[in-house]
Amino acid sequence: LDRAEVLSSTVAQLRKDLAQDDASFPEPPVGEEAFERLRAQVLPILSERLSLGMHDLQVAMYRVDIPEAHLKRTLAQGGLHALAGECVLRELQKVLTRLRFAGRY
């Protein structure tokens, strides 16, 4: 997340998969703290989804592409904070894969 293109694409993917708009999910500055800032933005979204029920959280994780078994294991071992980090990592993986196949990374 130390390249503007990668960070912007990751934020766009998170917004899309978590159904957030630009105003409610701003892009953090490029740098070492970008990952933790994104995790901090994802955490309340996941908390809200969980408060609506496990099914709502599972639907969101399906869009992010986190399998149900991985979701349950992560929640059991590290809670929502760990799951928020997994969401950011998975979206970053998607972005890097696309960039690699496009020959831009």
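Author: A salt bridge is a side-chain nitrogen of Lys or Arg within 4 Å of a carboxyl oxygen of Asp or Glu. In this predicted model, lysine 94 forms one with glutamate 91, with the closest N and O atoms 3.1 Å apart.

Reader: Where do lysine 94 and glutamate 91 lie?

Author: Both residues are in helix α4, 3 residues apart, which is about one turn of the helix. Salt bridges with shared partners join Asp17, Glu91 and Lys94 into one network.

Reader: Which side chain does aspartate 17 meet in a salt bridge?

Author: Aspartate 17 meets lysine 94, at 2.8 Å from N to O. This pair links distant parts of the chain, for aspartate 17 belongs to helix α1 and lysine 94 to helix α4, 77 residues apart.

Reader: Does one class aspartate 17 as buried or exposed?

Author: Aspartate 17 counts as buried because its relative accessibility is 5%, under the 20% limit. Glutamate 91, at 0%, is also buried, and lysine 94 counts as buried at 13%.

Reader: Which residues does valine 42 touch, not counting residues up to four places away in sequence?

Author: Valine 42 touches Leu14, Leu18, Phe25, Ala84, Cys87 and Val88, with that exclusion applied.

Technical notes: Residues numbered from 1 in each chain as written. Predicted model: local features only at pLDDT ≥ 70, side-chain atom pairs only at ≥ 80, totals over all residues. Heavy atoms only, no water. Contact = heavy atoms within 4.5 Å. Helix = DSSP H or I, 4+ residues; strand = E, 2+ residues; numbered from the N terminus. Buried < 20%, exposed > 50% of the residue type's maximum accessible area, 1.4 Å probe, protein only.
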